[in-house]
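This report walks through one structure for someone meeting it for the first time. The sequence and the coordinates come next, and the description follows them.

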Amino acid sequence: MTQDELKTLVGQAAVQYVTPHTIVGVGTGSTVDKFIDALAASQIRIRGAVSSSVRSTERMKALGIPVLEASEVESLQVYIDGADEIDHRGHMVKGGGAALTREKIVADLAERFICIADESKLVDTLGRFPLPVEVIPMAAAQIARRFKAMGATATLRAGCVTDNSCHILDVRGLSITDPAAFEADVTLWPGVVTVGVFARNKASVCLLGTAEGVKTLT
Ligand code: 5RP
């Protein structure tokens with residue numbers, strides 16, 4: 001199966017986690033696009049979705065799924081989103097699509113994070129995928145120096161301005177053995193808006209697309 005087919009498989013599998021007449025949190029990316037398509041094609045009617053990006057909002061609206069503001073809801077049963085990396089304990093690296101800040105905000109509203117990913121995303125230790133960090137532009141150079149002091153290399157993502165008018169640093173050369181401590185530390189650096197490690201908001205369930213079908217990791 002191709003990577004695209006695996007994404008379709010997990011996108012479809014995620015629909016079973018949606019309870020009719022609830023509001024669903026929806027992430028961003030090519031795997032989430034498959035979920036949105038599968039949800040729209042299903043018989044399940046929902047009250048609406050809280051979206052983590054302009055991209056997902058536009059796709060859902062085009063398919064007739066009502067989109068609500070995050071400020072309109074107090075909590076969500078589930079948040080469904082992809083990942084750039086996920087480890088065996090549900091910690092993730094996210095932000096390849098530059099939507100990490102809104103993703104963390106919507107994930108934080110949800111009782112359960114359902115991660116949908118093809119098997120290439122499963123790792124033993126986070127850090128192989130360049131870690132996205134959203135930063136206030138004037139702090140980018142100082143934050144890059146801090147990563148250099150850790151033995152890593154941070155580069156500004158060319159031409160990328162986020163939905164929040166900020167910039168993205170992609171950090172290579174990290175081995176994140178303690179994701180919770182790493183996330184807590186980097187989040188405190190002045191000028192960091194969001195670090196792409198999701199440990200506090202880790203996945204409760206991962207639907208992993210494999211050649212043998214969908215594996216459910218909990
Ligand atoms: C966007 C994300 C995505 O979930 C992540 O990049 C995975 O994307 P895809 O499903 O296209 O592989 O974090 O900010």
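This is a predicted model: local features need pLDDT of at least 70, side-chain atom pairs count only at pLDDT 80 or more; totals for chains, interfaces and linings use all residues.

Two strands are said to pair if DSSP finds at least two bridges between them.

Seven strands form an open sheet with mixed pairing, and their order is 3-2-1-4-7-13-14. Strand 3 (67-68) and strand 14 (213-217) stand at the edges and have a single partner strand each, so one side of each is left without a neighbour in the sheet. Further inside the order, strand 1 (residues 23-26) runs parallel to strand 2 (residues 48-51) and is joined to it by four bridges, while strand 1 and strand 4 also pair in the parallel sense, over two bridges. Strand 4 in turn pairs with strand 7 in the parallel sense, here over five bridges.

| Residue | Bridge partner | Strand of the partner |
|---|---|---|
| Ile 23 | Gly 48 | strand 2 |
| Val 26 | Ile 80 | strand 4 |
| Asp 81 | Cys 115 | strand 7 |

Strand 4 (residues 76-81) is largely enclosed by the rest of the structure, because five of its six residues are buried.

In soluble globular proteins, nonpolar side chains tend to be buried together. The largest nonpolar core of this model has 60 residues, and the members that touch the most others are Ile 80, Cys 115, Ile 116, Val 133 and Val 197. Strand 7 (residues 110-118) gives the most to this core, contributing six residues. For Ile 116, once its neighbours within four places in sequence are left aside, the contacts are Val 10, Gly 11, Ala 14, Thr 31, Phe 35, Ile 80, Gly 82 and Leu 207.

Val 197 is also one of the two residues in contact with Phe 182, the other being Ile 176, when neighbours within four places in sequence are again left aside. Phe 182 lies in helix 6 (residues 179-187), and it counts as buried because 20 other C-beta atoms lie within 10 Å, where 20 or more is the cut-off for that class. The C-alpha atoms of Phe 182 and Thr 153 are separated by 16 Å, the two residues being 29 apart along the chain.

**Around the ligand**

The ligand is surrounded by 17 residues, of which the closest are Gly 29, Thr 31, Gly 82, Gly 96 and Gly 97. Thr 31 and Gly 82 are also among the contacts of Ile 116. By class, this shell has four nonpolar, nine polar and four charged residues, and helix 2 (30-41) and helix 4 (100-109) each supply at least two of its residues.

Is Ala 98 buried or exposed? Ala 98 is buried, because 23 other C-beta atoms lie within 10 Å; it is placed in the loop between strand 6 (92-93) and helix 4, and its phi is positive, about 70°, although it is not a glycine. His 21, likewise not a glycine, has a positive phi of about 65°. His 21 sits in the loop between helix 1 (3-13) and strand 1 and counts as exposed, because it has 8 C-beta neighbours inside 10 Å.

**Confidence**

The protein chain has an average pLDDT of 96, and 100% of the residues score at least 70. The scores for the model are ipTM 0.96 and pTM 0.91.

Methods:
Residues are numbered from 1 along each chain as its sequence is written. A nonpolar core is a set of buried Ala, Val, Leu, Ile, Met, Phe, Trp, Tyr and Cys residues joined through C-beta atoms within 7 Å. A residue is buried if 20 or more other C-beta atoms lie within 10 Å of its own, exposed if 12 or fewer, and partly exposed in between; C-beta atoms are placed from the backbone. Two residues are in contact if their C-beta atoms, placed from the backbone, lie within 7 Å. pLDDT is the predictor's confidence in each residue, from 0 to 100. A residue is near a molecule or strand if its C-beta atom, placed from the backbone, lies within 6 Å of it. Ala, Val, Leu, Ile, Met, Phe, Trp, Tyr, Cys and Pro count as nonpolar, Asp, Glu, Lys and Arg as charged, and the others, Gly among them, as polar.
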